Amino acid sequence: MQNSISILTSSGRSLNLIGAGHGYPLMLLHGFPLDTRMWKNQLGSLSSSYQCIAPEFRGFGQSSSESGGYSLGDLAEDIEYVRSHMAHEQQIVLCGLSMGGYVALEYWSRYPQHLAGLILSNTNPFADPPETVQNRLKTADLAKSQGTWAATEPMIPKLLSEHTLTSAPDVVDSVKAMLQATPPSAIANAQQAMAKRQDFSPRLSQITTPTLVVTSELDALAPPEQTKQWAAELPNSSVEIIPGAGHLPPLEAPQAFDKAVIGFLTKVYSEPDPSR
Ligand code: MLT
């Protein structure tokens, strides 16, 4: 059973999350410009063995929007707030896809003691080069002046593989629905936050948390060769490349994605769960 839960932060903002299942906690952080619907398969399949907690970042899905800007560090603090409320102060495995992966790295830098494991999916540890920063700021302006769809429609061929685009209309429709539902202010705030994110690449060798790095064969945004290169600097990691998928394997290749995640969770959580 899945529950949609709204928790109020001390500053009065409401953070929405989906909770499903019981067991060791697995927190799922969505990509941009998406929401918890990108985890719909995992919230079904993984919740038979794990407590899945999928929060929505500020302004995305049902979480309340932010009138001012924020940093990815602020989003990591929201995640800690959710962990302390939902995971009964237990350690978690934190799985972040793309923008969710940037936030997961911020979380690691603040709360490594709360992590039993990290899953960095279709993401990278680098800060943006100047040209990407400029493009993000243009997209933020476009969202504010011309609306969500003008800013997000051009992303579709980067988010999904050609194979998904031609053979999985249901996946294409669910991605379009998420893109269309995201308010312009959420797009602008997230682009600005990602544009000023820090570079974690010099610190990869310090990440001793067990880490699974996932990307997909056809992901142009997190290409396999580049991903394998930076992942090799993580001292306690393994890499999985999902065949046939683009940037969103949880939707495009859910069975292969789940298999990689379950293999990792089984290793990380090898001790019996005292709460079960
Ligand atoms: C995402 O999927 O979250 C985005 O590709 C992240 C980004 O724009 O860097």
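In the predicted model, strand 4 supplies the largest share of the lining of the second largest pocket, 3 residues. Strand 1 (2-8) and strand 2 (14-20) are also among the elements that each give at least two residues to this lining. The second largest pocket holds about 240 Å³ of space. Its lining comprises 15 residues, and those closest to the centre are A20, G21, H22, G23 and Q51. By class, the lining of the second largest pocket divides into 6 nonpolar and 9 polar residues, with no charged ones.

The largest pocket has a volume of about 590 Å³. It is lined by 25 residues, of which R136, M155, K158, Q191 and L221 lie closest to its centre. Helix 4 (130-146) is among the elements that each supply at least two lining residues. The largest share, 5 residues, comes from helix 4. Helix 3 (99-110), helix 5 (148-152), helix 6 (156-159) and helix 9 (184-195) each provide at least two as well. The lining of the largest pocket contains 14 nonpolar, 9 polar and 2 charged residues.

R136 is buried, at 12% relative accessibility. D128 is buried too, with a relative accessible area of 14%.

Across the whole structure, a search finds 9 salt bridges. One of them joins the side chains of D78 and R58, at 2.7 Å from N to O. D78 belongs to helix 2 (residues 72-86), whereas R58 sits in the loop between strand 4 (50-55) and helix 2, so the pair ties together parts that are 20 residues apart in sequence. D78 is buried, with a relative accessible area of 7%. R58 also counts as buried, at 9% relative accessibility.

A further salt bridge links R83 and E80, whose closest N and O atoms are 2.8 Å apart. The two residues are 3 apart in helix 2, which separates R83 and E80 by about one helical turn. R83 is buried, with a relative accessible area of 0%. E80 counts as buried at 11% relative accessibility.

Notes. Residues numbered from 1 in each chain as written. Predicted model: local features only at pLDDT ≥ 70, side-chain atom pairs only at ≥ 80, totals over all residues. Heavy atoms only, no water. Salt bridge = Lys/Arg side-chain N within 4 Å of Asp/Glu carboxyl O. Helix = DSSP H or I, 4+ residues; strand = E, 2+ residues; numbered from the N terminus. Buried < 20%, exposed > 50% of the residue type's maximum accessible area, 1.4 Å probe, protein only. 1 Å grid on protein atoms, 1.4 Å probe; cavity = no way out; pocket = protein on both sides within 12 Å on 5 of 7 lines; lining within 4 Å. Points joined across faces, edges and corners; volume = space filled by probe spheres on them. Nonpolar A, V, L, I, M, F, W, Y, C, P; charged D, E, K, R; others polar.
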